[in-house]
Amino acid sequence: MDFGKRIKQYWEGEADIYSVCIEEELGNFQREAWKKIVLEYAPKKQCLDILDIGTGPGFFPIVLGEEGHHVTGIDITENMISYARKNVERAGSKANLLTMDCHNLEFEDDTFDLIVCRNLTWTLDNPIQAYEEWHRVLKPSGRLLIFDANWYLHLFDEKLREKYEENEKKLIEKYGRKTHNHKNNVEGDALSKKLFMSNKVRPQWDLNQLIQMKFSKVFSEINIVDQVWDDMGKELNATTPQFLVGAEK
């Protein structure tokens with residue numbers, strides 16, 4: 001099977017688990033925490049045209065849509081979009097939700113004020129092509145906000161692997177779970193060893209790529225865990241702190 005199709009098939013099977021995670025986030029402090037950090041860096045405009053790339057089960061369309069912004073959410077997996085539509089409708093929100101490959105966006109140039117992307121870029125076949133596409137559809141002075149982590153760098157870094165395994169033992173003893181709680185952990189680990197981003201040191205890699213493109217400025221927060229995670233989340237992310245990397249067109 002083609003590697004890209006294999007990745008897509010894997011995430012089709014993870015949609016229900018991620019929808020449960022979204023429901024939990026919507027019901028606790030993370031709803032406002034994520035909204036706050038996104039709007040802190042967003043262009044200052046009363047009604048933004050926002051593209052949520054890798055929308056999954058629709059978290060950002062709900063929390064940003066309830067602030068009056070126009071949100072388009074895309075995901076390559078049909079199951080994720082199906083859950084997103086149900087979740088957005090249940091929340092009483094509105095959003096344009098589409099199945100689409102983020103490497104080849106079906107939008108005109110200069111369409112969006114803001115692009116947000118959470119926990120997706122590590123899965124991309126060709127992030128450079130994707131970032132170029134995202135730059136293309138941003139309006140002048142529009143902003144790109146990427147939230148991600150070095151989820152699988154421990155597979156390529158011995159010292160980090162030791163810290164990761166030590167932390168994982170603590171998680172199993174305390175919570176009865178591993179760091180990554182996927183439906184198919186075996187396939188997830190197998191794919192992660194082959195992904196382009198897994199051995200890259202980020203956000204440094206992203207910053208270098210964005211600088212080489214035509215963005216007028218780039219910026220980063222190397223650890224946003226305290227802003228968006230509860231105590232359990234902080235323990236889960238102890239060796240893989242979530243970062244923000246951004247750019248302005």
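Q: Which residues of strand 7 point one way, and which the other way?
A: In a regular strand the side chains alternate between the two faces of the sheet. Strands here are DSSP runs of E with at least two residues, and helices are runs of H or I with at least four, both numbered from the N terminus. On one side of strand 7 are Phe243, Val245 and Ala247, and pointing the other way are Leu244, Gly246 and Glu248.

Q: What kind of model is this, and what pLDDT do local features need?
A: Residues are numbered from 1 along each chain as its sequence is written, and side-chain values use heavy atoms, with hydrogens and water left out. The model is predicted: side-chain atom pairs count only at pLDDT 80 or more, totals for chains, interfaces and linings use all residues, and local features need pLDDT of at least 70.

Q: How many residues of strand 7 are buried?
A: Buried means under 20% relative accessible area, exposed means over 50%, and partly exposed lies in between, with a 1.4 Å probe and protein chains only. Strand 7 spans residues 243–248 and is mostly covered. The number buried is 6 of 6.

Q: How many bridges join strand 5 to strand 7, and how many join strand 6 to strand 7?
A: Two strands pair if DSSP finds at least two bridges between them. Strand 5 (residues 138–148) runs antiparallel to strand 7, and strand 6 (residues 217–221) also runs antiparallel to strand 7. The bridge counts are 6 for strand 5 and 5 for strand 6.

Q: Which residue forms a salt bridge with aspartate 148?
A: A salt bridge is a side-chain nitrogen of Lys or Arg within 4 Å of a carboxyl oxygen of Asp or Glu. The closest N and O atoms of this pair are 2.9 Å apart. It links strand 5 to the loop between helix 8 and helix 9 (204–212), 54 residues apart. The partner of aspartate 148 is arginine 202.

Q: Are aspartate 148 and arginine 202 buried or exposed?
A: Aspartate 148 has a relative accessible area of 0%, and arginine 202 has 4% relative accessibility. Aspartate 148 is therefore buried, and arginine 202 likewise counts as buried.

Q: What is omega for the cis peptide bond at arginine 202?
A: The bond joins arginine 202 to proline 203. Proline 203 is found in the loop between helix 8 and helix 9. Omega is about 15°.

Q: How many residues apart in sequence are the parts tied together by arginine 6 and glutamate 187?
A: Their side chains meet in a salt bridge with an N to O distance of 2.6 Å. Arginine 6 lies in helix 1 (residues 3–12) and glutamate 187 in helix 8, so the parts tied together are separated by a number of residues in sequence, namely 181.

Q: Which residue meets glutamate 25 in a salt bridge?
A: The N to O distance is 2.9 Å. The pair links helix 2 (residues 15–26) to strand 4 (residues 112–118), 93 residues apart. Glutamate 25 is buried at 9%, and its partner, buried at 13%, is arginine 118.

Q: How many salt bridges does a search of the whole structure find?
A: Arg31, Glu32, Lys35, Glu66 and Glu67 are linked in a network of salt bridges. For the whole structure the search gives 21.

Q: About how much space lies in the second largest pocket?
A: A pocket is an open set of points on a 1 Å grid over the protein atoms alone, where a 1.4 Å probe fits, with protein on both sides within 12 Å along at least five of seven lines; lining residues have an atom within 4 Å of a point. Points are joined across faces, edges and corners, and the volume is the space filled by probe spheres set on them. For the second largest pocket it is about 220 Å³.

Q: Which helix gives the most to the lining of the second largest pocket?
A: The lining includes Tyr164, Glu165, Glu168, Asn185 and Asp189. Helix 7 (158–175) and helix 8 (185–192) each supply at least two residues. With 3 residues, the helix that gives the most is helix 7.

Q: What is phi of serine 141?
A: Serine 141 lies in strand 5 and is partly exposed at 46%. The residue is not glycine, yet phi is positive, near 75°.
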